[in-house]
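Hi everyone, thanks for making time. Have a look at the model on the screen, and then I'll walk you through a few places in it.

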Amino acid sequence: MDVVRLGRGPEAPWKSMSAEELENQYSPSRWVIRLGAEEALRTYSQIGIEATRRARATGRSLLHVPYGDAKGETLDIYLPHEAPEAFPVFVFVHGGYWQCGSKDESAFMVEPLIAQGVAVVTVAYDIAPRGNLDQMVDQVTRSTAFVQKRYPSNEGIYLCGHSAGAQLAAMMLLADWTKLGVTPNLKGFFLVSGVYDLEPILYTSQNAPLHLTLEDAQRNSPQLLMALTQPADPTCHVLVIVGQHDSPEFQRQSREFYQVLPTLCRGGWKASFEELRNVDHFEIIENLTQKDDVLTQIILKTIFR
């Protein structure tokens, strides 16, 4: 893979932060203003579990479909009620700082999207400490290739990742698909409240189960590594999205990642940035259960533009 490395420079704001402030900046639940930190996490999980229960009960679902040989390499597929032979596919990669979360509580957006004829896939991957970051990137790569092979006539694959899942999804911009014998029909990326430069994580408690080294962090930081080639389809749209009530560091990471995209995409990708008002790190995904939510509408307009 031909890549260009982009240095952050010594002025990276996090480098001058105290250990306490850095920990605070990279703890999304501490920035929630509507609820306490623990309640915010609990509410997010409850909404995801309930949305997934409804999706599995009312939709045409294929659950725990293996995309690889390992136990954790499965995905759930939710098909539109009257699916034609070809349909767009929305693939969701959950967050949880690479150490928690599950596809089994991540079907937030299924009901609004399948109602509009969009299939939804939620991906499982081996979280830490069972899996390491290189494995997770490989698993998301293979799951995306699997979706293309299973639905070769799809009307576009739209990859969405939240938080840690946004990093994993963004790494698909760098994927070498030739190794898998298929080039996914990637039409769009929705990168929501992500971390794209992993070095700050090394100095927080989040790294305890991850055991990331500096080399690991750099190798898996899409902010530092961007492919020099265009995607197979030059109409691919990369949307970098963050919440108004995400922490300043999460907002900075999103803006800086967006800023490298137009420079490096050689005019091939369309990149855009959205800061969604009045939502925090968790509401931004929780609200996808609603058909009239701002992000739901952005997703649908991007798919059907």
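Before I go on, a word on the ground rules. This is a predicted model, so local features need pLDDT of at least 70 and side-chain atom pairs count only at pLDDT 80 or more, while totals for chains, interfaces and linings use all residues. Residues are numbered from 1 along each chain as its sequence is written, and side-chain values use heavy atoms, with hydrogens and water left out.

Back to Asp126. Its relative accessible area is 13%, so Asp126 is buried; buried means under 20% relative accessible area, exposed over 50%, and partly exposed in between, with a 1.4 Å probe and protein chains only. Leaving out residues up to four places away in sequence, Asp126 touches Ala70, Gly72, Gly131, Met136 and Gln139, and a contact here means heavy atoms within 4.5 Å. That loop between S5 and H4 also holds Pro129, and the peptide bond from Ala128 to Pro129 is cis, with omega near 5°. For background, most peptide bonds are trans, and most residues other than glycine have a negative phi.

Now the overall picture. The chain has nine helices and ten strands. Its radius of gyration is 18 Å, close to the 19 Å that the globule rule gives for 305 residues, so the chain is as compact as a globular protein of that length. Along the principal axes, the C-alpha atoms fill a box of roughly 55 × 45 × 35 Å. Of the 305 residues, 57% count as buried. Among contacts with a separation of 6 or more, 78% come from residues 24 or more positions apart.

Next, the annotated site. Which residues does the UniProt annotation "active site" cover? According to that unreviewed entry, they are Ser163, Asp246 and His281. UniProt positions are given in the numbering used here, feature names are shortened, and annotations may be inferred rather than shown by experiment. These three span 119 residues in sequence, yet no two of their C-alpha atoms are more than 10.5 Å apart, so they gather at one spot.

Take Ser163. Ser163 sits in the loop between strand S6 (157–162) and helix H5 (164–170), and at 5% relative accessibility Ser163 counts as buried. Although Ser163 is not a glycine, its phi is positive, about 60°. Beyond residues up to four places away in sequence, Ser163 touches several others, including Gly95, Phe250 and His281.

His281 lies in the loop between strand S10 (270–276) and helix H8 (283–286). With a relative accessible area of 3%, His281 is buried. Outside its sequence neighbours up to four places away, the residues touched by His281 include Ser163 and Asp246, both of which are in the annotated set.

Another histidine deserves a stop. His94 lies in the loop between strand S4 (89–93) and helix H3 (110–114), and His94 counts as buried at 3% relative accessibility. Setting aside neighbours within four places in sequence, His94 is in contact with, among them, Cys100, Ser102, Tyr125, His162 and Gly165. Tyr97 lies in the loop between S4 and H3 as well. Phi of Tyr97 is near 55°, a positive value in a residue other than glycine, and Tyr97 is buried, with a relative accessible area of 7%.

One last stop: is Gln116 buried or partly exposed? At a relative accessible area of 47%, Gln116 is partly exposed. You'll find Gln116 in the loop between H3 and S5. Its contacts, not counting residues up to four places away in sequence, are Leu300 and Phe304. Gln116 and Phe304 are 188 residues apart in sequence, and their C-alpha atoms are 9.8 Å apart in space.

That's my tour, so over to you.

Definitions and conventions. Helices (H or I, at least four residues) and strands (E, at least two) are DSSP runs, numbered from the N terminus. The radius of gyration is taken over C-alpha atoms; the globule rule is 2.2 Å times the number of residues to the power 0.38.
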